Amino acid sequence: MPLMNARRQLASPANRMSSEVRKAILRYLSERLENPLISTSDAIKVIKRQSPETSTVPAAKLADMVAEIAIEAGFDVAFDWEKSVH
C-alpha cells in the first residue's frame, strides 16, 4: 500500500509541474554556461517567455527554484527578482 501512495504522489500534477519547471530552469542554465552569474530577474523573464508551463508559478517561487538549481550547478546568483516585479 505505501508504494501505491508513493506512485500517486510522484504522478501528481504538482510534481509533474515541478519537474517541467525544473527542466525549463535547467534549459535556461545550460544556455548560459559561459556566464557564471545568473540574475534571478533575467531568468524569470526568459523562462516564463520560453516555457508556458511556468506561467502559473509565482515569481518568488520561480526565483527560489532558479537560485537553488543554479547554486547546485555552481553558478553565482544575483537575487534581484524583486526589482523586476515592482
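Glu 72 and Arg 22 pair up in a salt bridge, with their closest N and O atoms 3.7 Å apart. This pair ties together distant parts of the chain: Glu 72 sits in helix H4 and Arg 22 in helix H2, 50 residues apart. Keep in mind that this is a predicted model.

**Salt bridges**
- The structure has 4 salt bridges.
- In the pair that links H4 and H2, Glu 72 is exposed, at 53% relative accessible area, while Arg 22 is partly exposed, at 37%.
- Glu 20 bridges to Lys 23, and their closest N and O atoms are 3.5 Å apart.
- Both of these residues, Glu 20 and Lys 23, belong to helix H2, where they are 3 residues apart, or about one turn of the helix.
- Glu 20 counts as partly exposed because its relative accessibility is 33%, and Lys 23 counts as partly exposed because its value is 43%.
- Another bridge joins Arg 32 to Glu 31, with the closest N and O atoms 3.3 Å apart.
- Arg 32 is partly exposed, with a relative accessible area of 21%, and Glu 31 is partly exposed too, with 43%.

**The nonpolar core**
- The largest nonpolar core is made of 21 residues, and those with the most contacts inside it include Ile 25, Tyr 28 and Leu 62.
- Helices H2 (13-30), H3 (40-50) and H4 (59-72) are the elements that each give two or more residues to this core.
- H4 gives the most, with 7 residues.
- Leaving aside residues up to four places away in sequence, Leu 62 touches Val 21, Ile 25, Ile 44, Ile 47, Lys 48 and Val 57.

Technical notes
Residues numbered from 1 in each chain as written. Predicted model: local features only at pLDDT ≥ 70, side-chain atom pairs only at ≥ 80, totals over all residues. Heavy atoms only, no water. Core = buried A, V, L, I, M, F, W, Y, C linked by side-chain atoms within 4.5 Å. Buried < 20%, exposed > 50% of the residue type's maximum accessible area, 1.4 Å probe, protein only. Helix = DSSP H or I, 4+ residues; strand = E, 2+ residues; numbered from the N terminus. Contact = heavy atoms within 4.5 Å. Salt bridge = Lys/Arg side-chain N within 4 Å of Asp/Glu carboxyl O.
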